[in-house]
Structures are given as structure tokens and as C-alpha cells.
Amino acid sequence: MLSGLALLLLVCLLHMFVTAQGNPWSQSLGCDEYLGSGKVMDKCGVCGGDNMACKLVSGLFQQHSLNKVGYHKIVEIPEGATKINVTETVKSRNYLALKSRSGRSIINGNWAIDRPGEYEGVGTMFTYRRPNEVTSTAGESFLAEGPTNEILDVYVIYQQPNPGVSYEFILPSDNPPQHPNHRPGGNTLYGQSGNDHRGNPNQDGYDPAGGGKYTPQVPNNQVPAVLPPRRQREYNWKLSGATECSASCGRGSRYTIFRCVHRLSHEQVPENQCDSSTRPSSQEEPCNLQSCPAFWDIGEWSECSKTCGLGMQHRQVLCRQVYANRTLNVHTSRCRHLEQPETTSTCQLKICSEWQIQTEWSACSVPCGVGQRTREVHCVSNVGDFVSDEECNMKLRPSDNENCDMGPCAKSWFFTDWGNKCSAECGMGVRTRGVLCLTNHISSLPLEGCGHERPTDSQVCNHGPCESRIEWFTAPWSQCSTECGSGSQQRAVVCLMKSDEGFNVMPPYECSSLDKPLNQQSCHLKSCGAKWYHTDWSACSKTCEGGFRVREVRCLSDDMLSSEGCEEELKPVEREECNPEPCVPHIGQLLLCSKHGSGAKAPPLECHTVGLVN
């Protein structure tokens with residue numbers, strides 16, 4: 001009787017539950033494993049969280065020009081980071097690199113460039129992407145879900161101006177909010193099970209064999225549920241096989257296939273003949289668990305170490321093996337069945353420019369002694385063009401000048417031929433020649449260098465007897481009257497009669513029929529610049545008892561214009577005292593004195609003498 005009442009009570013409760021909540025099997029499962037809870041994971045990975053248990057760290061590395069080619073640190077990613085995203089803003093010839101704090105290189109380490117793919121490190125898997133399409137402008141990146149179990153250092157391998165690298169990741173907050181461990185009552189699939197929203201494997205009911213899911217724990221005092229009698233269906237779902245394995249080796253996966261069949265004949269029928277709500281879920285199964293053969297993963301060549309001539313380039317060659325759709329680094333011994341590709345190679349982008357000697361040595365710059373000789377040396381490109389000297393190795397540049405020794409210079413007298421013109425047109429005259437003592441081609445030495453017997457530089461000449469004739473004869477010009485600026489110079493001009501007996505001075509009118517040469521001319525040795533000029537002194541203001549006289553002083557330039565370029569300390573005085581002697585009348589003279597004005601400020605007496613007439 002008691003069991004009947006309990007059964008009736010259970011049926012009533014089930015009816016009330018279905019009426020109030022609808023069919024529990026049609027509701028979605030929340031992240032807390034409760035049907036219809038509606039809970040989802042927030043960005044911090046907390047089931048039903050409010051995104052407050054973590055913080056987003058983001059930034060942009062924008063340093064455009066770095067001091068040298070190579071690795072430059074961008075950011076440090078702390079332990080426990082999730083949702084890691086490091087991306088170049090624009091495609092460039094730079095590369096991103098990743099290294100753990102313990103020193104392990106994960107991506108693009110040791111000057112070797114890895115191929116795009118998946119790389120495992122610090123407890124997570126990194127997806128490395130590098131778009132290679134010519135038209136693509138997207139930069140390279142790497143992503144990881146995390147969390148990391150070690151500090152990471154992110155680098156950029158700098159080869160050209162940095163276009164910018166953005167980064168972001170999520171870190172747990174210092175004091176994450178505590179989420180209460182409770183269950184929404186009345187709508188759970190299994191009732192009050194023992195697992196919490198964190199999926200702690202130490203909780204009761206945790207089933208590792210079931211993929212980490214929790215099996216419900218049935219209380220000892222619970223009344224077994226009485227299910228309604230099953231209705232015999234004509235068509236059922238039947239397991240008919242599985243999909244092809246996703247990998248030929250290294251652990252792939254396949255999924256079970258269920259088809260609708262007749263319950264008795266097991267013949268396949270259209271799927272709409274079966275109840276879709278009873279169709280079993282397709283299950284994933286591992287397949288092809290045997291290891292894939294290891295292979296050499298060859299990275300891209302680095303840039304040539306030299307812009308011209310023979311250089312070196314490097315690439316990373318890793319022994320890798322595929323397992324569970326992931327490519328992992330393995331020991332090189334697993335690739336011993338394959339020939340290992342070269343990791344270094346010579347390269348040459350272009351032939352370097354070289355030095356070429358364009359001309360032979362020139363003649364020595366001196367006929368004797370030590371001089372210089374030159375030649376043309378140019379830096380020539382591989383196509384024959386003259387280029388800047390910086391494109392050639394300056395250490396290998398041939399010399400374009402050198403000393404040359406033409407032997408000792410002779411020290412002797414050098415002289416010209418005698419002049420053809422005699423100093424006299426008739427009678428006795430003189431002709432001359434140039435005489436020099438030379439020790440080299442550019443300078444003269446004192447006569448002692450050639451001895452004291454200097455060759456004569458003049459000799460007598462005679463064009464025959466002279467007829468008596470009158471001529472103007474001129475003396476040499478005198479020196480210029482001024483050391484600078486405009487001056488004048490003079491010479492003597494006389495009328496002479498020349499005969500065999502000699503010269504006789506004649507009166508000037510005897511030569512009046514001839515043009516008389518100038519006896520004065522202006523001269524200008526050099527510019528004086530600004531200079532002080534002054535007039536003569538004026539008459540003294542008094543003849544005795546002390547007077548004064550004045551003159552005008554001006555600063556004039558070479559062109560006689562007023563100037564301010566004269567030195568003030570050299571300026572001549574413009575006024576001076578004169579006639580200081582006392583006034584004493586002489587015999588036959590009368591001293592007259594007069595006073596102008598009166599008072600304390602009246603000028604002194606003015607006196608002068610006048611002669612007396614007899």
C-alpha cells in the first residue's frame with residue numbers, strides 16, 4: 001500500500017514538473033552542466049561570470065626606427081595569460097619572435113625563421129600566421145588560448161622601419177570575484193549532483209573515463225523512478241558505420257553514423273520515418289593512432305648578410321612530427337632516415353662596385369727635385385657606371401697621387417740672350433740681358449749659391465757715329481708722392497743736342513718743334529681706406545697774451561666721400577693755443593686795449609698794437 005502511494009506521488013510530481021517547465025530534454029545544457037541554467041563562459045573562463053575576474057591588457061609598439069638590425073623586445077606576457085594575440089599592423093620584412101623566460105625559443109629563434117603553423121610552448125599552443133599573398137597587406141601574427149605556465153618575452157626581428165605591432169592578452173585579476181557554489185533548484189537534469197561549476201576532479205561523481213563528465217549520484221533513500229511503458233516503434237536508429245579518419249597517421253578522429261532502419265528487416269529507410277528526438281548523438285572516435293614519419297621542416301632563408309658580393313644566409317631546419325592534428329618538434333634522431341637540408345648557404349645579391357684606375361701617372365710636377373704625380377681613380381659599378389666612393393671598399397682604394405724624385409736640381413747661373421735694342425740709336429750705347437741664379441724651377445736663391453762671379457748683364461753697343469740732332473731726353477720718374485691713395489711723381493725733361501762729342505744741354509725752345517714728354521703724372525700705389533684730412537690752421541685769434549687757432553678735420557674714403565672708417569685715436573686736433581707771449585709794445589707802436597660788456601662774466605681785455613705815424 002505504501003509503495004503504491006509513493007508511486008502515485010512520484011507520477012504527480014513528474015506531471016507538475018513537465019507542465020511547469022516544459023520538456024526538460026528539449027532545453028540546452030549550461031556551462032555548469034545544468035539543463036536550462038542558461039549559464040555561459042565569460043571572457044575570463046568563469047562559468048556564469050561577469051567578466052570581472054580578469055583584466056584585458058593591450059598596447060601598440062610604435063617605435064618606428066630602432067638602433068640596429070636584430071631582436072628587440074616588445075612586451076613581457078606574465079604567467080597565466082589567456083587569449084593572447086600579437087599582430088603586425090601592416091606587412092613588412094620584419095618578423096615576430098617568441099621566447100620563454102627559461103630561455104627556450106618557441107617561434108623564430110636563433111636567427112632562423114619558422115614556417116607558419118602551430119607551436120607548443122609554456123603550456124599552450126601558438127598558431128603562427130604569415131600571409132604570403134602578394135596582394136595581402138596583413139602582417140604576421142601569433143595567437144594562443146592559454147593559460148601560460150611561464151613568463152613569455154615577445155620580440156620583433158628588426159630589418160626595416162617598424163609599422164607597428166599590437167598586442168593583447170587577458171590576465172586574472174588580483175582579487176577575482178568569488179562565485180557562490182549553488183544550484184538552481186527544480187530544473188536540473190540529474191537532481192542534486194555533487195559537481196561544482198569549476199569541474200573539480202576531486203569532487204564526488206567525477207568520471208575520468210567519461211571524458212571528465214560527472215555521473216549523477218543517486219541517494220540511497222531515493223525511490224526508483226517508474227518509466228512509462230515503451231511503445232514499440234516500427235523504425236529505429238541503427239549504428240551503420242563511421243566517417244573516414246581525419247588523418248592517415250598520428251591520431252585522427254572519426255564520427256559514428258546512425259541511419260534509420262526498419263525494426264525487423266533492418267532495411268534503411270528515409271530518416272523522417274524515425275523520431276529525430278531519439279536519434280543518438282554522433283560520437284567522436286580516435287583512429288590511425290600509429291605515429292606519422294618524422295620530416296624536416298625547412299624555414300625561409302634569412303636576408304643575405306651582405307648587400308653586394310659573397311655573403312651568407314641562414315634558415316631553420318627542424319625535425320618535426322604530426323600527432324593529433326598538431327605538428328610538434330622532436331629530436332633530430334627521428335629524422336635520421338632523411339638527408340638533413342643545409343642550414344647555411346652562400347648568397348650574392350649583386351656584384352660589388354670596384355676601384356678602377358682610369359689613367360696612367362701624370363708627368364712629375366717639377367723638372368728636378370721631389371714633386372708630385374697624379375692619376376684618376378674611380379669607383380665603378382658592375383655595369384660600368386661611375387658611382388659614389390662609399391660604394392667601394394675605401395681600404396682597397398688605389399692611391400691617386402704619389403711623390404716623384406726627378407734628381408737633384410743644378411745650381412748655376414741662367415741668362416737670356418742679349419737684347420737686340422741698343423740704348424742709343426747712334427754712337428755708344430748699352431744693351432742688356434737677364435741673369436739669374438736658379439736651384440729649381442720655381443725659386444731663386446741668393447747669389448752665393450752660384451758663386452760670386454756673376455755674369456755681366458750689360459755690354460757696350462755702337463750703331464755708328466751720330467749726326468748732331470736735338471731731342472727731348474727724360475730722366476726716370478721719381479717715387480710716388482704718397483704711400484697709398486692718389487699721388488704724383490715727376491721727372492726731369494731737358495732738351496739735348498747729341499753728337500759724336502757727347503751731349504750738350506740746349507734751351508727748351510730749341511726742341512719746341514718736338515712733342516715734349518710729360519714731366520709729371522698721377523700715381524696710385526694702393527688704396528688707403530678711410531683717412532683723416534685737414535685744412536691749414538687759421539690765423540691766431542690774438543697776437544699776444546695767448547690766443548687760439550682752428551682747422552677743419554674730416555674723415556674721407558679713397559673716393560673722397562665722407563666716411564666713418566677712420567680710427568678716432570688718430571684724429572688730428574682741430575684747435576690749439578697760439579701766441580702765448582706777453583703783449584710788449586715796440587718803439588713806434590701803441591698798445592690799445594678794450595673791454596666789451598660789464599659784470600663778473602665780462603670777457604677779458606682785448607689788446608693790440610698800432611703803429612705810430614711820424
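What share of the contacts in the protein with a separation of 6 or more is accounted for by residues 24 or more positions apart? In this predicted model, the share is 61%. The protein has 614 residues, and 27% of them are buried. Its secondary structure consists of 1 helix and 40 strands.

Strands β30, β32 and β33 form an open sheet, arranged in the order β30-β32-β33 with antiparallel pairing. At the edges lie β30, covering residues 469-474, and β33, covering residues 502-506, and each of these pairs on one side only. On average, neighbouring strands in this sheet are turned by 40° against each other, with direction ignored. Strand β32 spans residues 493-499, and its antiparallel pairing with β30 runs over 6 bridges.

Across the whole structure, a search finds 1 cavity of 30 Å³ or more. The largest cavity holds about 30 Å³ of space. Which residues line the largest cavity? The lining includes Ile 113, Asp 114, Arg 115 and Tyr 119. Also in the lining are Asp 297, Ile 298 and Gly 299, together with Gln 316 and Leu 318. Sorted by class, the lining of this cavity has 4 nonpolar, 2 polar and 3 charged residues.

Key: Residues are numbered from 1 along each chain as its sequence is written. This is a predicted model: local features need pLDDT of at least 70, side-chain atom pairs count only at pLDDT 80 or more; totals for chains, interfaces and linings use all residues. Side-chain values use heavy atoms; hydrogens and water are left out. On a 1 Å grid over the protein atoms alone, a cavity is a set of points where a 1.4 Å probe fits but cannot get out, and a pocket is an open set with protein on both sides within 12 Å along at least five of seven lines; lining residues have an atom within 4 Å of a point. Grid points are joined across faces, edges and corners, and a volume is the space filled by probe spheres set on the points. Ala, Val, Leu, Ile, Met, Phe, Trp, Tyr, Cys and Pro count as nonpolar, Asp, Glu, Lys and Arg as charged, and the others, Gly among them, as polar. Two strands pair if DSSP finds at least two bridges between them. Helices (H or I, at least four residues) and strands (E, at least two) are DSSP runs, numbered from the N terminus. Axes are lines fitted to C-alpha atoms, for helices over the stretch in contact, and angles run from 0 to 180 degrees between N-to-C directions. Buried means under 20% relative accessible area, exposed over 50%, partly exposed in between (1.4 Å probe, protein chains only). Contact means heavy atoms within 4.5 Å.
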